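Please examine the sequence and structure shown here before reading on.

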Amino acid sequence: MKKIRLSAPATIANVGPGYDIFAMALENPRDEFEISLNDSGKITIEIENNTENIPLDVNKNTAGLAILEFQKKFNLSDGVHVKIFKKIHSGGGMGTTGASASACVFGLNKLLKMSLTSNEMINIAQMGEIASGGSPHADNVAAAMLGGFTLVRNYNPIEIIKLDLPVFPIVFAAIRKSERTTRGKISYQIGEEKLKEQIAYCSRVIHAIHTQDIAEFGAAISVDHIAEPVRAVPIPNYFEAKRKILEAGAFGCNVSGGGSSVFAVCSEDKQTAIAQIMFENFSKSPHFVEILKTKTTNFGVQEISDSAR
Ligand code: HSE
(Lines give C-alpha, C1' and ligand atoms only; values in the text may rest on other atoms or scores of the structure.)
Protein backbone atom coordinates (compact mmCIF):
# COMPACT_ATOMS: atom_id res chain seq x y z
CA MET A 1 0.00 0.00 0.00
CA LYS A 2 1.45 3.35 -1.06
CA LYS A 3 -1.46 5.67 -0.36
CA ILE A 4 -3.99 6.09 2.42
CA ARG A 5 -6.98 8.37 2.94
CA LEU A 6 -7.91 9.44 6.42
CA SER A 7 -10.03 11.89 8.35
CA ALA A 8 -9.39 13.39 11.78
CA PRO A 9 -11.72 15.40 14.02
CA ALA A 10 -11.69 18.92 15.36
CA THR A 11 -10.91 18.89 19.07
CA ILE A 12 -11.39 21.10 22.11
CA ALA A 13 -8.24 21.15 24.21
CA ASN A 14 -8.03 21.98 27.93
CA VAL A 15 -11.82 21.37 28.26
CA GLY A 16 -11.95 24.07 30.95
CA PRO A 17 -9.50 23.36 33.78
CA GLY A 18 -7.30 20.68 32.14
CA TYR A 19 -4.56 22.88 30.64
CA ASP A 20 -2.41 20.78 28.26
CA ILE A 21 -3.93 17.62 29.81
CA PHE A 22 -7.58 17.29 28.71
CA ALA A 23 -9.12 17.31 25.23
CA MET A 24 -12.23 15.99 23.53
CA ALA A 25 -13.16 15.25 19.94
CA LEU A 26 -16.02 16.74 17.91
CA GLU A 27 -18.19 14.89 15.41
CA ASN A 28 -17.80 17.77 12.93
CA PRO A 29 -15.87 19.28 11.29
CA ARG A 30 -13.20 16.73 10.26
CA ASP A 31 -10.17 17.41 8.07
CA GLU A 32 -9.38 14.86 5.37
CA PHE A 33 -5.98 13.69 4.23
CA GLU A 34 -4.41 11.71 1.42
CA ILE A 35 -0.95 10.51 2.41
CA SER A 36 1.32 8.78 -0.09
CA LEU A 37 4.86 7.44 -0.17
CA ASN A 38 7.22 8.08 -3.08
CA ASP A 39 10.90 7.80 -3.98
CA SER A 40 11.74 11.52 -3.91
CA GLY A 41 13.11 11.41 -0.36
CA LYS A 42 11.28 14.71 0.23
CA ILE A 43 8.25 15.75 2.27
CA THR A 44 5.74 17.78 0.28
CA ILE A 45 2.48 19.29 1.50
CA GLU A 46 -0.47 20.39 -0.58
CA ILE A 47 -3.62 22.00 0.80
CA GLU A 48 -6.65 22.01 -1.44
CA ASN A 49 -8.21 25.45 -1.54
CA ASN A 50 -5.71 26.95 0.94
CA THR A 51 -7.79 30.05 1.69
CA GLU A 52 -6.32 30.40 5.18
CA ASN A 53 -2.74 30.67 3.89
CA ILE A 54 -1.40 27.80 5.95
CA PRO A 55 2.37 27.56 5.42
CA LEU A 56 3.44 24.68 3.19
CA ASP A 57 7.08 24.87 4.30
CA VAL A 58 7.74 21.54 6.02
CA ASN A 59 9.46 23.20 8.98
CA LYS A 60 6.56 25.58 9.58
CA ASN A 61 3.72 23.14 9.01
CA THR A 62 2.34 20.83 11.70
CA ALA A 63 2.03 17.86 9.37
CA GLY A 64 5.55 18.54 8.07
CA LEU A 65 7.10 18.64 11.56
CA ALA A 66 5.30 15.46 12.63
CA ILE A 67 6.51 13.61 9.51
CA LEU A 68 10.07 14.92 10.02
CA GLU A 69 9.99 13.62 13.59
CA PHE A 70 8.73 10.24 12.35
CA GLN A 71 11.51 10.04 9.74
CA LYS A 72 14.18 11.08 12.23
CA LYS A 73 13.06 8.61 14.87
CA PHE A 74 13.07 5.63 12.52
CA ASN A 75 15.82 6.78 10.17
CA LEU A 76 13.50 6.63 7.14
CA SER A 77 14.31 7.96 3.70
CA ASP A 78 10.94 7.58 1.91
CA GLY A 79 9.43 10.63 0.28
CA VAL A 80 6.01 11.58 1.66
CA HIS A 81 3.31 13.65 0.00
CA VAL A 82 0.36 14.89 2.04
CA LYS A 83 -2.73 16.39 0.49
CA ILE A 84 -5.01 18.09 3.02
CA PHE A 85 -8.69 18.81 2.44
CA LYS A 86 -9.39 21.35 5.15
CA LYS A 87 -12.75 21.61 6.83
CA ILE A 88 -11.54 22.82 10.25
CA HIS A 89 -10.73 26.54 10.52
CA SER A 90 -7.15 27.29 11.49
CA GLY A 91 -6.00 29.65 14.22
CA GLY A 92 -9.13 29.29 16.32
CA GLY A 93 -8.35 26.66 18.93
CA MET A 94 -10.23 23.96 17.03
CA GLY A 95 -7.34 21.52 16.87
CA THR A 96 -6.74 21.53 13.12
CA THR A 97 -2.99 21.27 13.75
CA GLY A 98 -3.48 18.29 16.06
CA ALA A 99 -5.70 16.66 13.42
CA SER A 100 -2.99 17.03 10.75
CA ALA A 101 -0.16 15.76 12.93
CA SER A 102 -2.18 12.78 14.19
CA ALA A 103 -3.45 11.78 10.76
CA CYS A 104 0.06 11.92 9.24
CA VAL A 105 1.65 9.79 11.95
CA PHE A 106 -1.27 7.32 11.90
CA GLY A 107 -1.03 7.15 8.09
CA LEU A 108 2.73 6.57 8.05
CA ASN A 109 2.43 3.87 10.69
CA LYS A 110 -0.03 2.05 8.40
CA LEU A 111 1.74 2.67 5.10
CA LEU A 112 5.08 1.52 6.47
CA LYS A 113 3.48 -1.48 8.22
CA MET A 114 4.87 -0.47 11.56
CA SER A 115 3.05 -1.40 14.76
CA LEU A 116 3.40 1.70 16.87
CA THR A 117 1.17 1.99 19.91
CA SER A 118 -1.14 4.98 20.16
CA ASN A 119 1.12 6.43 22.88
CA GLU A 120 4.12 6.16 20.56
CA MET A 121 2.19 7.80 17.71
CA ILE A 122 0.96 10.62 19.95
CA ASN A 123 4.49 11.19 21.24
CA ILE A 124 5.68 11.75 17.67
CA ALA A 125 2.62 13.73 16.56
CA GLN A 126 2.88 16.22 19.42
CA MET A 127 6.11 17.54 17.87
CA GLY A 128 3.95 18.96 15.08
CA GLU A 129 2.39 21.38 17.59
CA ILE A 130 5.67 23.30 17.67
CA ALA A 131 4.52 24.85 14.36
CA SER A 132 1.47 26.43 16.00
CA GLY A 133 2.10 26.92 19.71
CA GLY A 134 5.91 26.94 19.82
CA SER A 135 6.18 23.87 22.07
CA PRO A 136 5.07 20.24 21.92
CA HIS A 137 1.86 19.41 23.80
CA ALA A 138 -0.21 16.30 23.45
CA ASP A 139 -3.78 17.29 24.33
CA ASN A 140 -5.29 18.08 20.88
CA VAL A 141 -3.16 15.41 19.24
CA ALA A 142 -4.38 12.71 21.65
CA ALA A 143 -8.09 13.52 21.15
CA ALA A 144 -7.67 13.75 17.38
CA MET A 145 -5.89 10.38 17.31
CA LEU A 146 -8.23 8.50 19.65
CA GLY A 147 -11.53 10.43 19.79
CA GLY A 148 -13.62 10.72 22.94
CA PHE A 149 -12.16 12.46 25.97
CA THR A 150 -8.43 12.12 26.45
CA LEU A 151 -6.34 12.69 29.50
CA VAL A 152 -2.55 12.96 29.46
CA ARG A 153 -1.67 10.60 32.30
CA ASN A 154 2.04 11.20 31.89
CA TYR A 155 4.12 13.47 29.63
CA ASN A 156 7.43 11.72 30.07
CA PRO A 157 7.00 9.19 28.60
CA ILE A 158 3.69 10.02 26.93
CA GLU A 159 0.81 7.96 28.31
CA ILE A 160 -2.76 8.78 27.36
CA ILE A 161 -5.99 7.56 28.87
CA LYS A 162 -9.03 7.66 26.60
CA LEU A 163 -12.44 7.85 28.23
CA ASP A 164 -15.49 7.21 26.09
CA LEU A 165 -17.82 10.18 26.25
CA PRO A 166 -21.58 10.13 26.16
CA VAL A 167 -22.48 11.82 22.84
CA PHE A 168 -23.86 15.27 23.73
CA PRO A 169 -24.44 18.54 21.87
CA ILE A 170 -21.83 21.27 21.61
CA VAL A 171 -22.33 24.79 20.29
CA PHE A 172 -19.13 26.27 19.00
CA ALA A 173 -18.38 29.90 18.11
CA ALA A 174 -15.36 29.74 15.80
CA ILE A 175 -13.27 32.87 16.39
CA ARG A 176 -9.68 33.24 15.24
CA LYS A 177 -6.85 34.41 17.46
CA SER A 178 -5.37 37.77 16.60
CA GLU A 179 -1.87 36.43 17.30
CA ARG A 180 -0.29 33.06 16.56
CA THR A 181 -0.18 31.87 20.17
CA THR A 182 -0.81 33.30 23.62
CA ARG A 183 0.93 30.45 25.47
CA GLY A 184 3.70 32.83 26.54
CA LYS A 185 1.18 35.00 28.43
CA ILE A 186 -0.04 32.23 30.69
CA SER A 187 0.92 32.52 34.34
CA TYR A 188 1.52 29.43 36.40
CA GLN A 189 1.57 31.43 39.64
CA ILE A 190 -2.14 31.19 40.42
CA GLY A 191 -1.91 31.00 44.21
CA GLU A 192 -3.04 28.38 46.69
CA GLU A 193 -6.83 28.98 46.58
CA LYS A 194 -7.08 28.88 42.79
CA LEU A 195 -4.68 25.96 42.54
CA LYS A 196 -6.85 23.88 44.88
CA GLU A 197 -9.98 24.89 42.97
CA GLN A 198 -8.33 24.01 39.66
CA ILE A 199 -7.45 20.52 40.94
CA ALA A 200 -10.97 20.08 42.31
CA TYR A 201 -12.55 21.05 38.98
CA CYS A 202 -10.26 18.69 37.03
CA SER A 203 -11.32 15.87 39.35
CA ARG A 204 -14.98 16.82 38.86
CA VAL A 205 -14.59 16.62 35.06
CA ILE A 206 -13.31 13.06 35.27
CA HIS A 207 -15.92 12.02 37.83
CA ALA A 208 -18.68 13.49 35.64
CA ILE A 209 -17.48 11.42 32.68
CA HIS A 210 -17.38 8.25 34.77
CA THR A 211 -20.91 8.89 36.03
CA GLN A 212 -22.10 10.08 32.57
CA ASP A 213 -23.46 13.26 34.19
CA ILE A 214 -23.51 15.95 31.50
CA ALA A 215 -24.81 18.68 33.82
CA GLU A 216 -21.95 18.07 36.25
CA PHE A 217 -19.50 17.87 33.33
CA GLY A 218 -20.72 21.28 32.14
CA ALA A 219 -20.38 22.83 35.61
CA ALA A 220 -16.87 21.43 35.94
CA ILE A 221 -15.61 22.66 32.57
CA SER A 222 -16.79 26.22 33.23
CA VAL A 223 -13.97 27.08 35.66
CA ASP A 224 -10.33 27.58 34.70
CA HIS A 225 -7.78 29.83 36.39
CA ILE A 226 -4.93 29.11 33.97
CA ALA A 227 -5.87 29.52 30.29
CA GLU A 228 -9.29 31.22 30.36
CA PRO A 229 -8.12 34.48 31.99
CA VAL A 230 -5.58 34.93 29.17
CA ARG A 231 -7.67 33.62 26.27
CA ALA A 232 -10.78 35.63 27.31
CA VAL A 233 -9.01 38.99 26.91
CA PRO A 234 -9.23 39.31 23.09
CA ILE A 235 -12.83 37.97 22.93
CA PRO A 236 -15.13 40.99 23.06
CA ASN A 237 -17.68 40.76 25.86
CA TYR A 238 -16.61 37.20 26.74
CA PHE A 239 -17.64 37.00 30.42
CA GLU A 240 -20.98 38.78 29.80
CA ALA A 241 -21.69 36.40 26.89
CA LYS A 242 -20.73 33.39 29.01
CA ARG A 243 -23.16 34.52 31.73
CA LYS A 244 -25.96 34.76 29.14
CA ILE A 245 -25.09 31.35 27.67
CA LEU A 246 -25.27 29.73 31.13
CA GLU A 247 -28.49 31.60 32.00
CA ALA A 248 -30.02 30.26 28.77
CA GLY A 249 -29.51 26.74 30.13
CA ALA A 250 -26.09 25.63 28.87
CA PHE A 251 -24.50 23.15 31.26
CA GLY A 252 -21.12 24.76 30.74
CA CYS A 253 -19.07 27.16 28.65
CA ASN A 254 -15.40 28.02 28.20
CA VAL A 255 -12.72 28.99 25.68
CA SER A 256 -11.66 26.20 23.33
CA GLY A 257 -7.97 25.25 23.45
CA GLY A 258 -5.62 28.08 22.54
CA GLY A 259 -8.59 30.38 21.70
CA SER A 260 -10.28 32.44 20.61
CA SER A 261 -13.22 30.09 19.92
CA VAL A 262 -15.86 29.56 22.61
CA PHE A 263 -17.76 26.32 23.22
CA ALA A 264 -20.84 25.43 25.23
CA VAL A 265 -22.15 22.05 26.40
CA CYS A 266 -25.94 21.80 26.40
CA SER A 267 -28.99 19.66 25.77
CA GLU A 268 -30.31 19.34 22.21
CA ASP A 269 -33.34 21.55 22.83
CA LYS A 270 -31.08 24.46 23.91
CA GLN A 271 -28.66 24.33 20.97
CA THR A 272 -30.45 26.85 18.75
CA ALA A 273 -31.00 29.43 21.49
CA ILE A 274 -27.37 29.19 22.61
CA ALA A 275 -26.15 29.46 19.01
CA GLN A 276 -28.21 32.65 18.70
CA ILE A 277 -26.71 34.16 21.88
CA MET A 278 -23.22 33.33 20.64
CA PHE A 279 -23.96 34.92 17.27
CA GLU A 280 -25.38 38.10 18.86
CA ASN A 281 -22.36 38.46 21.13
CA PHE A 282 -19.43 37.37 19.00
CA SER A 283 -20.31 38.00 15.36
CA LYS A 284 -19.19 41.64 15.47
CA SER A 285 -15.62 40.58 16.25
CA PRO A 286 -13.37 41.03 13.17
CA HIS A 287 -12.02 37.54 13.90
CA PHE A 288 -15.44 35.83 14.05
CA VAL A 289 -15.85 32.96 11.56
CA GLU A 290 -19.08 31.08 12.23
CA ILE A 291 -21.29 29.30 14.75
CA LEU A 292 -21.29 25.50 14.56
CA LYS A 293 -23.76 23.09 16.11
CA THR A 294 -22.05 19.76 16.61
CA LYS A 295 -21.65 16.88 19.07
CA THR A 296 -18.93 15.01 20.87
CA THR A 297 -17.63 11.86 19.20
CA ASN A 298 -15.70 8.79 20.27
CA PHE A 299 -14.06 8.44 16.84
CA GLY A 300 -10.55 9.76 16.27
CA VAL A 301 -8.49 9.27 13.09
CA GLN A 302 -10.46 7.09 10.66
CA GLU A 303 -9.53 5.50 7.37
CA ILE A 304 -11.77 6.56 4.48
CA SER A 305 -12.57 3.70 2.17
CA ASP A 306 -12.94 4.42 -1.54
CA SER A 307 -16.65 3.55 -1.38
CA ALA A 308 -17.19 6.18 1.35
CA ARG A 309 -15.97 9.08 -0.85
N1 HSE B 1 -3.31 23.19 25.60
C2 HSE B 1 -3.01 24.04 24.50
C3 HSE B 1 -3.07 25.49 24.95
C4 HSE B 1 -3.98 23.81 23.40
O5 HSE B 1 -3.93 25.83 25.74
O6 HSE B 1 -2.23 26.29 24.50
C7 HSE B 1 -3.77 24.67 22.20
O8 HSE B 1 -2.75 24.20 21.40
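## Domain layout

The model is predicted. The domain assignment divides the protein into domain 1, which comprises residues 3–165 + 297–308, and domain 2, which spans residues 169–295. Their C-alpha centres are separated by 23 Å. In the contact between them, domain 1 contributes 37 residues and domain 2 contributes 39 residues.

## Buried area

Between domain 1 and domain 2, about 2,700 Å² is buried, and carbon and sulfur atoms account for 60% of this area. On the side of domain 1, Pro17, Tyr19 and His89 together provide 23% of the area buried against domain 2, more than any other three residues.

One salt bridge is counted between domain 1 and domain 2. A salt bridge joins the side chains of Asp20 and Arg183, with an N to O distance of 2.7 Å.

## The domain 1 side

Four elements each supply at least two residues of the side of domain 1 that touches domain 2: strand S1 (3–13), strand S2 (22–38), helix H4 (130–133) and strand S5 (149–155). The largest share comes from S2, with seven residues.

Sorted by class, this side of domain 1 holds 17 nonpolar, 16 polar and four charged residues.

Conventions:
Residues are numbered from 1 along each chain as its sequence is written. This is a predicted model: local features need pLDDT of at least 70, side-chain atom pairs count only at pLDDT 80 or more; totals for chains, interfaces and linings use all residues. Side-chain values use heavy atoms; hydrogens and water are left out. Domain bounds come from an automatic or database domain assignment. Contact means heavy atoms within 4.5 Å. Buried area is the accessible area (1.4 Å probe) that two parts lose on being put together, summed over both. A salt bridge is a side-chain nitrogen of Lys or Arg within 4 Å of a carboxyl oxygen of Asp or Glu. Ala, Val, Leu, Ile, Met, Phe, Trp, Tyr, Cys and Pro count as nonpolar, Asp, Glu, Lys and Arg as charged, and the others, Gly among them, as polar.
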